[in-house]
Amino acid sequence: MRRQLLLAPIGALALAGSAFAAEPLPPPPPPAPIFTWTGIYIGGQAGYAWGQDSVSAFFPGPFLSAFPFFGTVSFTDKPEGFIGGGHVGYNLQINQWVAGIEGTVDGTTIRKGDFFSPFARLQTRTPVEGSLGIRVGVAFDRVLIYGRGGVAFAGIQDFYTTAVPFFINEEISRSRTGWTVGGGIQYALTDNWSIRGEYRYSDFGHFDDYPFAVLVSPSGSLFVQHHLTQNQVQFGISYKFGAPPAPVVAKY
C-alpha cells in the first residue's frame with residue numbers, strides 16, 4: 001500500500017509533463033518591415049540663395065551726355081534673396097544604392113542693384129528658377145546621403161536706368177539654361193515622410209544686353225556682358241507615395 005501511495009504522485013507529474021510537452025511553442029514575432037527609398041515622391045523646399053553676376057559694360061564711344069567717355073567698365077553684382085518652391089521625383093533603391101530623377105521649381109526674391117557709371121544703374125533679378133537632374137546616393141537604412149547634378153533654368157530680368165540727358169528705364173528679360181551640381185542628406189521620419197537639407201551651385205552662363213538703343217552714338221551701341229552664378233541652401237520635406245513595405249515573414 002505504501003508503495004502505491006509513493007508511485008501515484010510520480011505518475012501524476014509524468015502525465016502533466018507530457019501534456020505540457022505536447023503544446024507547441026508560439027512562433028517568434030515577424031521581423032520589422034524593411035524600409036526602402038523606392039517610389040514616387042513630391043514635396044516642398046525653402047531656403048536662401050546668393051549669387052555673383054560678373055558684368056562688363058563696353059562703351060564704344062561718347063554716348064551722348066549720359067556716357068561722356070568710352071572704354072570698358074567691369075564690376076560684380078551680387079544678387080541674393082529667399083528661394084522656395086516644390087519638387088517631384090522618383091527613386092529606385094538596389095541594396096544600399098539609390099538613384100533617381102527629380103525636377104524642381106522655385107520662386108525667388110533674388111535681386112541686387114549697382115551703378116556702372118555716374119549716371120546709369122543696373123538691377124538684376126531672378127524671380128523664377130528650376131532644375132531637372134539625377135540624384136545618386138547611398139542609404140543607411142532611413143538616412144540617405146546623395147549627390148545631384150543636371151540642367152538649371154532661370155528667368156532673368158535686367159533693369160537699366162539712366163538719368164541724363166533724360167530719365168530712361170529699360171527692362172531686358174530672358175530665360176537662361178545652365179547647369180547645377182550639389183548634394184545633401186535626407187532622413188525618413190516615417191515610411192512616407194522625409195526631411196532633407198541640400199546645397200547647390202548653379203551656373204547660367206554668359207549673356208549679352210544692348211540697353212538704351214534710343215541713345216545710339218555714331219560709334220555703336222552700349223554692350224553689357226553678364227555671367228551669372230549662384231549658390232543656394234535649402235531645407236525640404238517630401239512625401240513618398242505607396243503603402244509601407246510588407247514585413248518579411250519567416251517560414252518554419
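This is a predicted model: local features need pLDDT of at least 70, side-chain atom pairs count only at pLDDT 80 or more; totals for chains, interfaces and linings use all residues.
**View 1. The largest cavity in the structure.**
A search of the whole structure turns up 2 cavities of 30 Å³ or more, and this view shows the largest, with a volume of about 90 Å³. Its lining is made of 14 residues, and W37, Y41, Q186, S194 and K240 lie nearest the centre. By class, the lining holds 5 nonpolar, 6 polar and 3 charged residues. Strands β9 (193-209) and β10 (223-240) each supply at least two of the lining residues; β10 gives the most, with 3 residues.

**View 2. The second largest cavity and its lining.**
Here the volume is about 80 Å³. Look for Q45, H87, E102, T104, R148, R196, E198, R200, Q234, F235 and G236 around the second largest cavity. The elements that give two or more residues to this lining are β4 (97-108), β9 and β10. Sorted by class, the lining residues of the second largest cavity divide into 1 nonpolar, 5 polar and 5 charged.

**View 3. E102 with two arginine partners, R148 and R196.**
Side chains of opposite charge can pair when their charged atoms come close. R148 forms a salt bridge with E102, and the closest N and O atoms are 2.8 Å apart. This pair links distant parts of the chain, with R148 in strand β7 and E102 in strand β4, 46 residues apart. R196 also meets E102 in a salt bridge, at 2.9 Å from N to O. Because R196 lies in strand β9 and E102 in strand β4, the pair ties together parts that are 94 residues apart in sequence. R148 and E102 are both buried, and R196 is buried too.

**View 4. R148 and E198 within a salt-bridge network.**
The side chains of R148 and E198 meet in a salt bridge, at 3.1 Å from N to O. R148 is in strand β7 and E198 in strand β9, so this pair ties together parts that are 50 residues apart in sequence. R148 counts as buried because its relative accessible area is 8%, and E198 is buried with 10%. Salt bridges that share partners join E102, R135, R148, R196 and E198 into one network.

Strands β1 (39-59), β3 (80-94) and β7 (143-162) each supply at least two residues of the patch, and the largest share, 4 residues, comes from β3.

Methods
Residues are numbered from 1 along each chain as its sequence is written. Side-chain values use heavy atoms; hydrogens and water are left out. On a 1 Å grid over the protein atoms alone, a cavity is a set of points where a 1.4 Å probe fits but cannot get out, and a pocket is an open set with protein on both sides within 12 Å along at least five of seven lines; lining residues have an atom within 4 Å of a point. Grid points are joined across faces, edges and corners, and a volume is the space filled by probe spheres set on the points. Ala, Val, Leu, Ile, Met, Phe, Trp, Tyr, Cys and Pro count as nonpolar, Asp, Glu, Lys and Arg as charged, and the others, Gly among them, as polar. A salt bridge is a side-chain nitrogen of Lys or Arg within 4 Å of a carboxyl oxygen of Asp or Glu. Buried means under 20% relative accessible area, exposed over 50%, partly exposed in between (1.4 Å probe, protein chains only).
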